[in-house]
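Me: I am new to this structure and would like a close look at a single part of it. Please keep the answer plain and connected.

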Amino acid sequence: MPVLLVGQALVLLAPRIPIWLIMFLPQRRPLAAAVATTPPPPCNLLQALITAGMWQIMDMRLARRTVLAGLALACTSGSAISAVAQDAGSPSGPRPFGHGTPHLSRLRAGDKVGLVAPAGFIADQDELDFIFDTVRAMELEPVAAPNLLSRFGYLAGTDEERAASVNAMFARPDIAAIFAVRGGWGCARILPLLDYATISANPKIFAGFSDITALHCAFAAMKVPFPTFHSPNAGASWPQAAWSAFRQMLFEGTLPTYVPPAGRADRLVQREGRVTTLSPGTARGRMLGGNLTVLTALAGTAYLPDFDGAILFLEDTNEAQYRIDRMLTQLRLAGILGRVAGVAFGQCTGCTNEGASYGNFTLNQVLEQHLAQLGVPAFAGAMIGHIANQITIPMGAEVEMDANQGSIRVLEPVVA
């Protein structure tokens, strides 16, 4: 009874309660489910909080964040109240996609797939026909963006044309997924031109890699509420291992555990697919990353996501060891490497400094210098990068990595 009287007094005196007084309430995990159960009418949130659980303030259990959010929205509609209750107590920043965010629809035979070229151009109609045949072999129907055969220097059309094609594919209700046909360079140029509100409102599978890293990172940084997929581009060769990984995740909805490939049976000790443990242990976090060169070029912009607690994955191609050293140095100086929970370095094809002297660092030495000192699990050799048999990584989804085994396990479904 005394608690109830205090609660009623709070209703009457609410306009006169100093906000600083509420801010001294202890940080505890809120019990706000009752608020979301029956949303009150507009301008009655404070009364609802008291009748449905505000008394817990006196019991020192209700988080101050819930109270502050409730007071701020005291004269909003009932729909806003449910959002306050659901968000109360959740960690700030991006959340794993399995926690309240709608899943993407899995791919099914006959689905229409938008083909976009946000970076480099397609050489000719013959190459485009090959890409069409590849998509049809997946039992999907290809839909070409208008700029697929456009050419503006080394780009597939102007920045405006390339951005408009991406925006249009997301806006089309008949398109189930969007595949980048190739990488190259140019995605970063269109980031300010993308309609992130339209993209967020139309969840679709978006897949590609290499320069497409810029789009993956921008979507994560702009809080697009669904994962994207670091996978072979539509114009890739698609050997069985790459197609199987893609199909299992996006058609079948399985939660894969990626382990190093078995290698060739006629080898006493395998070199292909070999894993180097830079720092042992396991870690969990959101999977974020992509091409090292592209990702590093986004440092200092609004299009690089928050890497706090993330599992960072990296890959590259045709970069000399000193360039890998320079880019990892930049990520360290920018504070990015110091915030991650783990690192999975993929393949760095052709990453040699031809003609270098004997004093040149090897790639493994460079990685050890930068990644082994972070104090988090790290390994090199993941099947990610400019290789035929690369795996499909759900950007932004929760994963667990094991640096001892060189494995990556997807923990949450990304399609339904």
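Is Asp129 buried, partly exposed or exposed, and why does it count that way?

Reply: The model is predicted, and what follows should be read with that in mind. Asp129 counts as partly exposed because its relative accessibility is 32%, while buried would mean under 20% and exposed over 50%. The residue belongs to helix H7, which covers residues 125-137. On the surface, Asp129 is part of a patch of negative charge, together with Asp124, Asp126 and Glu127.

Helix H11, made of residues 213-221, can be set beside this. Helix H11 is mostly covered, with eight of its nine residues buried. The buried ones are Thr213, Ala214, Leu215, His216, Cys217, Ala218, Phe219 and Ala221. After H11 comes Lys223, which has a positive phi, near 60 degrees.

The strands are another part of the picture. Eight of them form an open sheet with mixed pairing, in the order S6-S14-S13-S8-S9-S10-S11-S7. Strand S6 (257-258) and strand S7 (276-279) are at the edges and have a single partner strand each, so one side of each has no neighbour in the sheet. In general, strands of a sheet pair through backbone hydrogen bonds, in either a parallel or an antiparallel way. Within this sheet, strand S8 (residues 282-291) and strand S9 (residues 311-317) run parallel and are joined by five bridges. Opposite Met287 stands Ile311, a residue of S9.

To return to the residue in question, Asp129 is partly exposed and sits in a negatively charged surface patch.

Terms used
Residues are numbered from 1 along each chain as its sequence is written. This is a predicted model: local features need pLDDT of at least 70, side-chain atom pairs count only at pLDDT 80 or more; totals for chains, interfaces and linings use all residues. Side-chain values use heavy atoms; hydrogens and water are left out. Patches are made of residues with over 30% relative accessible area and no salt bridge: like charges are joined within 9 Å, nonpolar side chains (Val, Leu, Ile, Met, Phe, Trp, Tyr) within 5 Å. Accessible areas come from the Shrake-Rupley method with a 1.4 Å probe; for residues, only the protein chains shown count as cover. A salt bridge is a side-chain nitrogen of Lys or Arg within 4 Å of a carboxyl oxygen of Asp or Glu. Lys and Arg count as positive and Asp and Glu as negative; His and the chain ends are not counted. The place of a charge is taken as NZ of Lys, CZ of Arg, CG of Asp or CD of Glu. Helices (H or I, at least four residues) and strands (E, at least two) are DSSP runs, numbered from the N terminus. Buried means under 20% relative accessible area, exposed over 50%, partly exposed in between (1.4 Å probe, protein chains only). Two strands pair if DSSP finds at least two bridges between them.
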